[in-house]
Amino acid sequence: LTNFAGPDWVKGGTLSLRFTRPVLAGDRVTYRGVVQQKVKEGDQTRLVLQIWSEKPAGQIAMGRATILV
């Protein structure tokens, strides 16, 4: 999320993530997200994202994030 929205996402963003499989040391994990909604907040926009992470064996976590941009 920091790579996508910069370090300010920590100040105005949220993250809710549920792990569905274990992650072990050395696992290669890929994080993905899709913008589901855009909500105007003053002169900024809050993006609501569906997020998930996966490794070659399949999905390991899913959740939701919001970012103020």
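**Basis.** Residues are numbered from 1 along each chain as its sequence is written, and side-chain values use heavy atoms, with hydrogens and water left out. Because the model is predicted, local features need pLDDT of at least 70 and side-chain atom pairs count only at pLDDT 80 or more, while totals for chains, interfaces and linings use all residues.

**Sheet.** I looked up the strand order and found an open, antiparallel sheet of 4 strands, β1-β4-β3-β2. Strands here are DSSP runs of E with at least two residues, numbered from the N terminus, and two of them pair if DSSP finds at least two bridges between them. β1 (14–19) and β2 (30–41) each have a single partner strand, so one side of each has no neighbour in the sheet. I noted 6 bridges in the antiparallel pairing of β1 with β4 (residues 58–68). Leu17 is opposite Gly63 in β4.

**Ser53.** I found Ser53 in β3 (residues 44–55). Ser53 has a relative accessible area of 1% and is buried (under 20%; exposed is over 50%, partly exposed in between, with a 1.4 Å probe and protein chains only). Beyond four places in sequence, I list its contacts (heavy atoms within 4.5 Å) as Val29, Thr30, Tyr31, Gln59, Ile60 and Ala61.

**Leu15.** I placed Leu15 in β1.
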